[in-house]
Amino acid sequence: MSNSSKWIIGILLAFFFFAGLFFLTFYAWLFSEPEDETASNFGDKVALVELREPILSSEDVVRQFKKFRDNKSIKAIVFRVESPGGGVAASQEIYEEVKKTRESKPVVVSMGSVAASGGYYVSLGATRIVANPGTVTGSIGVIFQFIHVNELLKKIGIDATTFKSGKFKDAGSPFRKPTEEEKVYFGELIGDVYDQFVRAVMTERKMSRSKVVKYADGRVFTGRMGVEYGFVDTLGTLEDAVNIAAELGNVRGKPRVVKERKLRPFLDRLLGEAATEIASLRDEFLRQPIVQYKFVSP
């Protein structure tokens with residue numbers, strides 16, 4: 001191979017390399033997700049924090065509240081709650097963070113379809129609670145449930161042996177029924193957690209214990225009933241909650257609502273776009289009429 005041929009091949013390889021690099025950079029820019037607006041400190045904004053799942057962990061919600069509390073451009077926070085409840089400690093941690101945040105900027109809870117039990121607990125720390133008329137809320141109470149499989153295991157010939165350091169170490173075991181002493185123990189445990197819930201409602205809703213206990217028997221009620229009983233401040237949609245938050249935060253004009261975006265790596269976005277395109281082509285193919293062929297003998 002002559003030197004001139006080697007030079008031509010080298011130039012072509014370099015061209016294709018840089019062209020490919022340029023294409024990938026351009027594609028990354030074209031399909032990149034917008035910058036997280038919540039990181040900006042310019043312009044008055046209302047932040048939206050969403051809780052749309054059972055409460056198993058408080059970490060993500062607490063982190064967002066801390067982030068928005070420290071951002072001076074965030075004048076108020078709307079806390080959208082769509083949750084049937086969950087863990088006691090996680091609910092308490094979120095409640096405490098909401099309460100801490102309202103000391104520096106208003107927090108308005110917007111209840112969705114369900115904001116009951118722990119979903120109501122986390123809402124208590126807000127400056128204002130807004131619910132839809134048909135929102136299912138309340139369920140102020142505590143529940144422990146244990147499944148017993150000992151009778152089933154006996155039928156299939158399986159037994160279990162337990163070694164423990166104390167009489168309550170296996171309390172709630174599925175392999176046996178609870179003793180009378182354990183029933184008293186669990187009653188005291190539930191009673192203490194229930195009292196904490198009731199006291200939080202009493203403090204935040206400015207109610208007497210007798211009034212709270214009247215409705216704190218585990219029952220759920222609608223948002224309209226919640227307003228009537230004093231557990232909800234006003235009826236309204238998410239948009240109404242945003243406007244209330246903007247007013248409390250002294251935001252002028254139409255409020256600009258921002259929420260945290262979880263940015264995905266470029267490869268994930270690329271594959272996601274490809275998967276979407278493939279799914280679209282598949283659906284288009286399935287919508288086509290089916291053509292059947294049959295052979296007819298002459």
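The sections below take these features in turn.

## Basis of the model

The model is predicted, and local features need pLDDT of at least 70, side-chain atom pairs count only at pLDDT 80 or more, and totals for chains, interfaces and linings use all residues.

## Packing of α3 and α6

Helix α3 (residues 88-101) packs with helix α6 (residues 180-205) at an angle of about 20 degrees, the axes lying 12 Å apart; helices here are DSSP runs of H or I with at least four residues. The two helices are therefore roughly parallel to each other, a term for angles under 35 degrees.

On the α3 side, Val-88, Gln-92, Tyr-95 and Lys-99 make the contact, and on the α6 side Val-193, Gln-196, Ala-200 and Glu-204, where contact means heavy atoms within 4.5 Å. These residues divide into 4 nonpolar, 2 polar and 2 charged.

## Strands β2 and β3

Strand β2 (residues 74-83) pairs with β3 in the parallel sense over 6 bridges, pairing requiring at least two DSSP bridges between the strands. Ser-83 stands opposite Ala-115 in β3.

Because 8 of the 10 residues of strand β3 (residues 107-116) are buried, this strand is largely enclosed by the rest of the structure; buried means under 20% relative accessible area, with a 1.4 Å probe and protein chains only.

## Asn-150

Asn-150 lies in helix α5 (residues 150-155) and is buried, with a relative accessible area of 12%. Apart from its neighbours within four places in sequence, Asn-150 is in contact with Pro-174, Phe-175 and Arg-176.

Notes
Residues are numbered from 1 along each chain as its sequence is written. Side-chain values use heavy atoms; hydrogens and water are left out. Axes are lines fitted to C-alpha atoms, for helices over the stretch in contact, and angles run from 0 to 180 degrees between N-to-C directions. Angles under 35 degrees count as roughly parallel, over 145 as roughly antiparallel, 65 to 115 as roughly perpendicular and the rest as oblique. Ala, Val, Leu, Ile, Met, Phe, Trp, Tyr, Cys and Pro count as nonpolar, Asp, Glu, Lys and Arg as charged, and the others, Gly among them, as polar. Buried means under 20% relative accessible area, exposed over 50%, partly exposed in between (1.4 Å probe, protein chains only).
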